Every structure is written in C-alpha cells, then in structure tokens.
Amino acid sequence: MSRVAIVGIGHSKFGKRTDVNVAELAFESIKQAVSDAGVDKKDIKNVVVGSAGGWYEESLPAVIVNEYAGLNSVGTMRVEAACASGSAAVKAAYNSIVSGEGDVAMAVGVEKMTEVDTLTSVELIGRAGSYMWEFENYGMTFPAYYALYAVAHMNKFGTTEEDMSRVAVKAHHYGAMNPMAQFQKEITLEKALNSQVVSWPLKLYDACPLTDGSAAVVLASEDVARKLTDSPVWIKGVGYSSDSANLSKRSDYVGLEATVEAAKRAYLSAKIRPDQVDVATCHDCFTIAELMAYEDLGFCKKGDGAKLIREGQTEVGGRIPVNLDGGLKAKGHPIGATGVSMMVEVTKQLRQEAGSHQASIKNGIGLVHNVGGTGHYAYVTVLSRN
C-alpha cells in the first residue's frame, strides 16, 4: 500500500471572525498549505472539506471554498462527523491517494460558529446528542452531557474540580504562546475554580468556546512527497470507531468506548505502543474530556488521568505532552476545522517548528485524537517522521 505524507500545512487565526465569509476564511489556510507544500494547484486532484455546517451562510461549502481558492474541476465533497469532521476529511483525502485516484490531495476544515447567537449555537450542538430521547424530552446540552461524565469520574476515581481546573490552566498557558489561538491570556487555578458554574461540576473555564476558523493540510504519495520536501510527516496509522448516540445504552460514564476502540486500531495499524508517542493533541472540548482521553488512549491506566495533570506529565518536559497549542479549550473549537488544526500542530511538533512550545521528539511519533458528538465518532491518527 502506498505511503502518504503531510507535505503542507495552513492555519487561520481562530476566534470571532466577522471580517471574512466562509470561503475567505478557508482560503487563509489553503493559501498557506499550498505554499508550504510547494505544489501547483492544478496537481491537487481531490479536496475534501470537513464542516459540520448549519451556522453560516453556505449550505454547500465544498464547491464555494474551492471556487474562491482557484481550485477548479477538482474532485470534492463535504464530510461530516460532528466535531471529528476534520479528521474524517483527512481520512477521506488519505484514502483518495492510497486508492490511486491521484498523488496529491487536500483536506480543509472550516466552520463559522459565531454567525448565530450563543443560545442558538447551544441548541444546534445539543441536537447533536440524541435528539428525540435526550434533547427533546430532557433538554440535554453538551455541558450537561460532559457534567455526567465528570461526576461519574469523580465518584469512581476521586478526580476533583481542582484537577479539571488544572487542565484549563495548562491550556491557557500554551494558548498564550500560540498567535493563532482564540484566548492568549494565562489564567490562575483560583480564577478557573471560581468561574461561573455552567453545569456542575463544570464551570466556564472547563468549557471550550464557540469559534470561527479554518485549517488545511496537503497530502502526497510517497514518490511525490520525497520530491517536494525533506521533512515529510507520514500518516502511519488511522483508527476510527463509533458508539451509540443514546447515552442510556452506554455501559459507563468514565470514558469513551469509541476512543478506546479507535486507539487500538490506530496503534495496530501503525505498529506502535502508546508509550512511544512523543506528543499528542487530544479532544478537550471540556476539561474532563482531556483527563478521560489520557486514559482511553493508554497514556496511563484507567483512573490515573488526574494524576498525570497533577504531576505535570502532560506539559513540555513531561512523559507525554498534550495540547501544546492550547487545545480546543484555549486555541478554540471551530467544529469542522478542529481535526485538521490538530494535524497542523502535530506536524509542526514533528518538524520541530513549534517554537516556544516545542516538545522533545525522541521517537518521531505524534498522535491526533478527535471526537465527534458525545463519543458518537472517534478518530485517532498516528503521524511519524519515519
């Protein structure tokens, strides 16, 4: 099977972007990625656009994005896997090269979530749980879903509100180093702990923001990648899985089974162990989600996620640095762009281009973990310099 590498990356400023429409926002990343790859746009045969949609002006964004970017007559489609749409777009672009459809493809993630007011956004996201059973009958929204997980984790493993606030403090610390992040100010543990309760035990600083943003990666076959760059970042393995949309059908609330299964498949495909990963981006839509991800991805045993954050093991210099770009929590979470943005960050880390937040790269292996819904979808992608 042909190897596929990331050869170009691009990333827009995340935040409230009233200065651009969705096509202009996507173009900011596409222009950077094409330039970084050093490819001619006519050589790009497939463009896959990850976008959950529903917030912004265009309902068919793929062609609009391509047309504005001057990508004419390309094969294209929009993919949706909720908050994992970006990783799904990268997987579809990867498949197009592996199948022999072309030697160069691009994955673009884009979302404009601030086109509607906050209450409408909360409803749109809430409908992405289990609409008829949970949203319509019980009014469940995403803070409430993850509060269930937080309470279960606290009761079973002794995780505390302070542990979750430490995740927020770490995110804002690294977000302050990222010029593309939505929030670029550090916070204290006291500020996080004393912030407004959203859905107990989760508070304002336990939650990611609503965000506009885009990211893009150019992928190439092995022969073309080696001609384009001396620093290809290979897609070494991809695992993906899904779970019930209805939480009452899940066996417990202390982790995401879709992540556990996707990680197993990714490690098997890449032929690596979790302890070989040098750096990771994890899906921290809420702080409890990052702690559960440490465990579900095998970075520690079940129940020890809080211990990792207390000991600083997920910071630069620690055993497994996580979300050194600020994560969803501080960098921002434009739903369709997030998975591609994670690929951009890990590619920078493996190229050793991350500057002030560079992790130590020993094995040349990075990991991207991207979740959609309440664990409806999970994608785990292993990237490698080797």
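Buried here means a relative accessible area under 20%, and by that cut-off strand S7 is covered on both of its faces. This is a predicted model, so please read the values below as computed from it.

- On one side of S7, the buried residues are Asp212, Ser214, Ala216, Val218 and Ala220.

**Helix H3 and Ser85**

- Helix H3 covers residues 85-98 and has 14 residues.
- From its first C-alpha to its last, H3 reaches 20 Å, close to the 20 Å expected at 1.5 Å a residue.
- Of the 14 residues of H3, 12 are buried, so the helix is largely enclosed by the rest of the structure.
- Among the buried residues of H3 are Lys91, Tyr94 and Ile97.
- Ser85 is found in H3 and counts as buried because its relative accessibility is 0%.
- The side chain of Ser85 reaches the backbone oxygen of Ala82 at 2.6 Å.
- Leaving aside residues up to four places away in sequence, Ser85 touches Gly50, Ser51, Ala52, Val79, Glu80 and Gly336.
- After H3 comes Gly100, with a positive phi near 90°.

**Aromatic pairs**

- A pair of aromatic rings is described by the distance of the centres and the angle of the planes.
- Ring centres within 6.5 Å make a pair, and by this rule the count comes to eight aromatic pairs.
- Phe27 and Tyr68 form an edge-to-face pair, with 5.6 Å centre to centre and 80° between the planes.
- Phe27 lies in helix H1 (residues 22-37) and Tyr68 in helix H2 (residues 61-69), so this pair ties together parts that are 41 residues apart in sequence.
- Both partners are partly exposed: Phe27 has a relative accessibility of 26%, and Tyr68 has a relative accessible area of 45%.
- Tyr240 and Tyr379 are stacked, because their ring centres are 5.3 Å apart and their planes are at 5°.
- Tyr240 belongs to strand S8 (residues 233-242) and Tyr379 to strand S11 (residues 377-384), so the pair ties together parts that are 139 residues apart in sequence.
- Tyr240 is partly exposed at a relative accessible area of 39%, whereas Tyr379 is buried at 10% relative accessibility.

**Other ring arrangements**

- Tyr146, Tyr149, Tyr253 and Phe286 are linked into a cluster by ring pairs.
- The ring of Trp234 has the charged end of Arg3 sitting over it, 4.2 Å from the ring centre.

Terms used:
Residues numbered from 1 in each chain as written. Predicted model: local features only at pLDDT ≥ 70, side-chain atom pairs only at ≥ 80, totals over all residues. Heavy atoms only, no water. Phe/Tyr/Trp six-rings, centres within 6.5 Å; stacked < 30°, edge-to-face > 60°. Helix = DSSP H or I, 4+ residues; strand = E, 2+ residues; numbered from the N terminus. Buried < 20%, exposed > 50% of the residue type's maximum accessible area, 1.4 Å probe, protein only. Lys NZ or Arg CZ within 6 Å of the ring centre and 35° of its normal. Polar contact = N/O pair within 3.5 Å; in protein donor to acceptor, adjacent residues only side chain to side chain. Contact = heavy atoms within 4.5 Å. Expected span 1.5 Å × (residues − 1).
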